[in-house]
Amino acid sequence: MGVFVKYEPLPYADLSSTPTTLLSTGISTYPHTLIVNGISVTNTTNQSIRFNLKKNRIQTSPISIFRVKEFEVKAYQTIDIAEYLGLQLVLKYSLSPSITENIECFSNSAAQKFDCEITFTVRHLYRDWE
């Protein structure tokens, strides 16, 4: 038994003002602590958009915090938000006490369209993973 690391990318297309969960910990998703390596955002419109990133913790008393609030992404620009802002994002998972976390993103209006790709590291403490 040891620590094994697995790198994962998750792409999302045609997002806008509806909050979209990019990544979450939990029994049915990733029952491990996750380290976010990057969040690449591409504005697919010809006008600037405002990008928002929220972190949610589900525990006895749920907590939601903005990690990015109304970050301007210029027309057709691609930017790695995590790198540009120096964000350190870790999503915790715990059985006891029960803690899961997720991050979601959205823009300020339905007309503010963007694509997004999140890259992250999964830390495994056993060999039974794909």
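How many residues lie between E4 and E5 in their hairpin? Four residues separate the two strands. The legends below describe close-up views of this predicted model.

**View 1. The hairpin of strands E4 and E5.** The two strands run antiparallel and are joined by eight bridges. Within this pairing, Lys-55 is positioned opposite Ile-65 of E5.

**View 2. The aromatic pair of Phe-51 and Phe-114.** Four aromatic pairs are found in a search of the whole structure. One of them, formed by Phe-51 and Phe-114, is edge-to-face, with 5.6 Å from centre to centre and 85° between the planes. The pair connects distant parts of the chain, as Phe-51 belongs to strand E4 (residues 49–58) and Phe-114 to strand E9 (residues 114–124), 63 residues apart. Phe-51 and Phe-114 are both buried.

**View 3. The aromatic pair of Phe-71 and Tyr-84.** The ring centres of Phe-71 and Tyr-84 are 5.6 Å apart and the ring planes stand at 70°, so this pair is edge-to-face; planes over 60 degrees apart are classed in this way. Because Phe-71 is in strand E5 (residues 63–73) and Tyr-84 is in helix H1 (residues 81–85), the pair ties together parts that are 13 residues apart in sequence. Phe-71 has a relative accessibility of 16% and therefore counts as buried, whereas Tyr-84, with a relative accessible area of 58%, is exposed.

**View 4. The charged end of Lys-69 over the ring of Phe-66.** The charged end of Lys-69 is placed 4.2 Å from the centre of the Phe-66 ring.

Conventions: Residues are numbered from 1 along each chain as its sequence is written. This is a predicted model: local features need pLDDT of at least 70, side-chain atom pairs count only at pLDDT 80 or more; totals for chains, interfaces and linings use all residues. Side-chain values use heavy atoms; hydrogens and water are left out. Rings of Phe, Tyr and Trp (its six-membered ring) pair if their centres lie within 6.5 Å; planes under 30 degrees apart count as stacked, over 60 as edge-to-face and the rest as tilted. Buried means under 20% relative accessible area, exposed over 50%, partly exposed in between (1.4 Å probe, protein chains only). A charge sits over a ring if NZ of Lys or CZ of Arg is within 6 Å of the ring centre and within 35 degrees of the ring normal. Two strands pair if DSSP finds at least two bridges between them.
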